[in-house]
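I opened my notebook to look this chain up piece by piece. Here is what I wrote down.

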Amino acid sequence: MAKHSHEDQVEQIMDRLAASGKRRTMSRQAVIKVIVDYHGHVSADDIATRVQKDFPSLDVSTVYRTLETLRELGIVERVWFADGSTVYHLSDHKHHHLCCERCGAVQELPISALKNLERFLLDEYGFETHQQPLGLFGLCADCRRSTRGDSS
Ligand SMILES: [Zn+2]
Ligand SMILES: [Zn+2]
């Protein structure tokens with residue numbers, strides 16, 4: 001797998017925006033840079049906070065609009081969690097999510113992990129699922145360990 005610097009990656013995404021007829025604006029570049037630098041799951045509010053460190057005058061609604069544009073173009077993926085919160089990540093690789101209810105850690109789960117479930121749904125229910133990134137809630141390994149350690 002070729003290694004790209006974050007600057008290259010930001011530039012590539014800006015090129016995709018331009019190819020789709022979107023203007024290269026400072027605010028769009030700033031939002032993309034935060035997502036690329038973060039390289040994980042980040043909420044819109046966190047993105048806004050980070051962007052505003054460099055661009056204090058930038059409105060939060062601009063950040064939200066930019067995220068929506070990036071999502072429409074398939075550059076970022078939005079993941080809904082059961083508690084109603086959403087996070088964004090680059091859609092360079094699709095995956096599901098294991099979300100810890102206690103510490104908030106989000107672990108990536110390969111799409112293939114739910115292949116058996118897909119087959120089951122098709123065989124038993126004749127239902128064909130479409131691979132939407134999913135958030136499964138529970139306790140992560142660390143939190144389970146500390147729970148077991150509890151004497152109470
Ligand atoms: Zn993700
Ligand atoms: Zn945890």
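**Entry 1**

I started at valine 31. Setting aside neighbours within four places in sequence, valine 31 is in contact with Ile47, Val51, Val63, Thr66 and Leu67. Contact means that two C-beta atoms, placed from the backbone, lie within 7 Å.

I noted the ground rules next. This is a predicted model, where local features need pLDDT of at least 70, side-chain atom pairs count only at pLDDT 80 or more, and totals for chains, interfaces and linings use all residues. Residues are numbered from 1 along each chain as its sequence is written, while chains are lettered from A and ligands numbered from 1 in the order in which they are written.

Which residues have the most contacts inside the largest nonpolar core? They are Val31, Ile35, Ile47 and Val51, in a core of 19 residues. H1 (6-19), H2 (26-38), H3 (44-54), H4 (60-72), E1 (76-80) and E2 (86-90) each supply at least two residues of this core. H2 gives the largest share, five residues. I wrote down the terms. A nonpolar core is a set of buried Ala, Val, Leu, Ile, Met, Phe, Trp, Tyr and Cys residues joined through C-beta atoms within 7 Å. A residue is buried if 20 or more other C-beta atoms lie within 10 Å of its own, exposed if 12 or fewer, and partly exposed in between. Helices (H or I, at least four residues) and strands (E, at least two) are DSSP runs, numbered from the N terminus.

**Entry 1: helix H2**

I stayed with H2. H2 has 13 residues and reaches 18 Å from first C-alpha to last, close to the 18 Å expected at 1.5 Å a residue. The expected span is 1.5 Å times one less than the number of residues. Which residues of H2 are buried? I found Arg28, Ala30, Val31, Ile32, Val34 and Ile35. Their cover includes H1, H3, H4, E1 and E2. Just after H2, histidine 39 takes a positive phi of about 45°.

E3 (residues 95-100) and E4 (residues 106-110) pair in the antiparallel sense over five bridges. Two strands pair if DSSP finds at least two bridges between them. Leucine 98 stands opposite glutamine 107 in E4. The hairpin of E3 and E4 has five residues between the strands, and glycine 104 there takes a positive phi near 80°. E3 also runs parallel to E5 (residues 135-138), joined by four bridges. Cysteine 100 has glycine 138 in E5 as its bridge partner.

**Entry 2: the whole chain**

How many helices and strands does the chain have? I counted six helices and five strands. From the N terminus on, they run α-α-α-α-β-β-β-β-α-β-α. Of the 152 residues, 16% count as buried.

The chain is divided into domain 1 (1-92) and domain 2 (93-152). These bounds come from an automatic or database domain assignment. The C-alpha centres of the two domains lie 25 Å apart. Eight residues from domain 1 and eight residues from domain 2 take part in the contact.
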